[in-house]
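Welcome, and please open your viewer. We will take a short walk from the whole chain down to single residues.

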Amino acid sequence: KELRIERTIKPEIRKTFKVGKQKIDVLVMEDREFESGKLAEITLDYFAQADDGAVYYLGEDVDEYKDGEVVGHSGAWLYGVQTKVPGLLMPANPKLGDRFRSEDVPKITTEDDEVLSLSETVTVPAGTYPDCLKLKEMLSDGGVEHKYYAKGVGCVREAPEGGDVVLKSHTTR
């Protein structure tokens, strides 16, 4: 399948989570996923950064589409509802061999991550990014995916088994 993902920060969408006794306003990112040119899914992902720099994943709202209509919400979860543990998307100071869980949602999904490299150079259509962080992600279905993160940009390449999703363009506001 031809896969295209359009990833956009959505500052106009406000969402708050309660973590301990603190209310946290999160960054909302929308992923629009197209398979063979047709809208397949819209996901709103929720992220927060701690004072030490670590980035946490607090859930996702998912709308799955078929023929332009919402047909499901598979994989959706929220911190405080389906899990009491936020995912750790990125440690504050990642080190080679670090292991963490980016998603820890019993009965829905788990993703175990390991830092494989701190110095990958990744060339994709959007450019060449030196000193990328390379993660190995073990998925709950047994699959393996590699993700590459560039400083100041985010994920520039996702390489699941049998595929490759690369950053084709990037703009900042």
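What follows is a list of stops, each with something to select.

**Before we start.** You are looking at a predicted model, where local features need pLDDT of at least 70, side-chain atom pairs count only at pLDDT 80 or more, and totals for chains, interfaces and linings use all residues. Residues are numbered from 1 along each chain as its sequence is written, and side-chain values use heavy atoms, with hydrogens and water left out.

**Stop 1: the whole chain.** Show the protein chain as a cartoon: there are 15 strands and zero helices. Both are DSSP runs numbered from the N terminus, helices being H or I of at least four residues and strands E of at least two. The radius of gyration is 16 Å, close to the 16 Å that the globule rule gives for 173 residues, so the chain is as compact as a globular protein of that length. That radius is taken over C-alpha atoms, and the rule is 2.2 Å times the number of residues to the power 0.38. Of the 173 residues, 37% are buried; buried means under 20% relative accessible area, exposed over 50%, and partly exposed in between (1.4 Å probe, protein chains only).

Stop 2: Two strands pair if DSSP finds at least two bridges between them.

Zoom in on strand 10 and strand 11 (residues 109-124), which are antiparallel and share six bridges. Here, Glu103 stands opposite Glu111 in strand 11.

**Stop 3: Gly127.** Move on to strand 12 (residues 127-139), where you will find Gly127. Gly127 has 22% relative accessibility, so it counts as partly exposed.

**Stop 4: a hairpin.** Finally, select strand 6 (residues 55-66) and strand 7 (residues 69-72), which run antiparallel and are joined by three bridges. Glu64 stands opposite Gly72 in strand 7. Two residues lie between the strands of this hairpin, and Asp67 takes a positive phi near 55°.
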